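Let me put the structure up, and then I'll walk you through a few spots.

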Amino acid sequence: MWLERKRQLSLNGTWKFNPDPYRRCRQQSWWKGEGSPDSFFPCWDMEGLWDIQVPGVWKMQFKELQWYDGDVNYVRDFDIDEKLMPTPGRDETYLCFDGVVYSCDVYLNGSWVGTHDRGYSPFKFRVTDHVLLGSNRLFVLVDNHLRADRVPGVRFDWNNDGGLINGVRLITVPECHVQNFKLQTKVFVDEVEVNIRVWVGSSSNASGTVEISAPELDRTERASVDSSGCTNVCWKFPREDVILWCPESPKLYRMVISTQDESVEDEIGLREISTRGREILLNGSPVHLYGVSVHSEFLLSGRTVTREGIEMLVAKVKELGCNFIRCAHYPYAEIFGRAMDRAGVMWWEEVPVYWLSWIHKDPQLSIALGMLEDTIPRDWNRASLIIWSVSNECAGAGDGSSTESNYGYWDRAVALVRS
């Protein structure tokens, strides 16, 4: 769902907003309609709410809220035209969030459409049955309370920024659509092998074909989709015919995946990361990482990644002679990885499993694994992403043979990354 779509609507921009420490919105079901001005308790009205920019964090936009943790409400009115409106039985429509801190409940046109309780990681909700031609109203109720049963818990070394920290958009896709694809490169002495796996989403599980194309490499192939909605192709090229991605030459190739109803595309670098003993190899040759550790904290936008902030960061990284960024301690916005691909800066990504001695136990275990499951499919095609970190300073108890040990989490998390 994180691929660019021809039928999509950005919901970034100005929303309405209010802090809600007493949770009046939830108590009074504001998403069902505004209260009457002449009623005993007038409830709420759009004009009385504040303006806020999305993506963004409320602590950066309102000085009086710079230390506020708790419940807030976001409201946005938007229009859907005939192009974006799903055709019954032929299209599906999704609300896509690239990251909310921390938990949120989402209501569209008076109906609940979903809850997400894993801060920072991307997610989507199917809203095909809830969108309306013309005017629509979207509520997102956010809660960033510090809680011991969350990931991270109540102790960590960055500010607890909250809100719709990353982008929001609405997409409409054909009922049979390209759900995602994954590209893996293997580099040999005289050959480059590119393995591509495509997932086609369809509620009918109907098999069909997809076309996979890399125009600059002059390669196009049609492949049959099996009943599970997957297909695999393997391309082999003479090594001299491929420009491999590396920091000195961050070459990206345009990849196009098409079904009979739609085409999606992405720009992807071809490279292989491997190890040999204690060496890290990029395209078969040792690479030395000269890096800095950063948070997603920008001068004008806080936790929210912006193109201007990325440009400033990359300039400083290269000024220091670095080629690598350790991105602490949570998933960054989707636009960050794409920018690193273009800039030729390697990086690592991680989930906020931070100082948690009992991450091997639920609910934290399920939350942490869910964050990986949310984020890995979004970023697995980023050539610049070379390391996944699954925890930070979570020694816990036991030695791996004990059930009271974080190895119960580490084993599962590493298996997820490697899959």
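So, W158 and Y354: buried or exposed? Both of them are buried. Keep in mind that this is a predicted model. Now look at how the two rings sit. Their centres are 5.3 Å apart and the planes of W158 and Y354 meet at 80 degrees, and since over 60 counts as edge-to-face, that's what we call this pair. And where do they come from? W158 is in the loop between β9 (134-143) and β10 (168-174), while Y354 is in the loop between β23 (346-350) and α5 (364-379). That's 196 residues apart, so the pair links distant parts of the chain.

W158 and Y354 belong to one aromatic cluster, and its other members are Y120, F156, Y330, Y332, F336, W347 and W355.

How many aromatic pairs are there by this rule? The count is 25. Let me show you another one, F17 with W58. Here the ring centres are 6.2 Å apart and the planes are at 35 degrees, so F17 and W58 make a tilted pair. F17 sits in strand β2 (residues 13-19) and W58 in helix α2 (residues 58-61), so this contact ties together parts that are 41 residues apart in sequence. F17 and W58 are buried too.

K251 lies over the face of Y253, and the distance to the ring centre is 5.1 Å.

R76 is buried, yet it has no salt bridge. The nearest side chain of opposite charge is D77, and that one is 7.6 Å away, whereas a salt bridge has to be within 4 Å. So what does the side chain of R76 reach? It reaches the backbone oxygen of L11, at 2.9 Å.

Last stop, a sheet. Strand β19 (residues 279-282) is joined to β20 by two bridges. If you want to find one of the residues involved, go to L281: its bridge partner in β20 is P286.

That's my tour, thanks!

How values were computed: Residues are numbered from 1 along each chain as its sequence is written. This is a predicted model: local features need pLDDT of at least 70, side-chain atom pairs count only at pLDDT 80 or more; totals for chains, interfaces and linings use all residues. Side-chain values use heavy atoms; hydrogens and water are left out. Two strands pair if DSSP finds at least two bridges between them. Helices (H or I, at least four residues) and strands (E, at least two) are DSSP runs, numbered from the N terminus. Rings of Phe, Tyr and Trp (its six-membered ring) pair if their centres lie within 6.5 Å; planes under 30 degrees apart count as stacked, over 60 as edge-to-face and the rest as tilted. Buried means under 20% relative accessible area, exposed over 50%, partly exposed in between (1.4 Å probe, protein chains only). A charge sits over a ring if NZ of Lys or CZ of Arg is within 6 Å of the ring centre and within 35 degrees of the ring normal. Lys and Arg count as positive and Asp and Glu as negative; His and the chain ends are not counted. A polar contact is a pair of N or O atoms within 3.5 Å; within protein, one must be able to donate a hydrogen and the other to accept it, and residues adjacent in sequence count only if both atoms are side-chain atoms.
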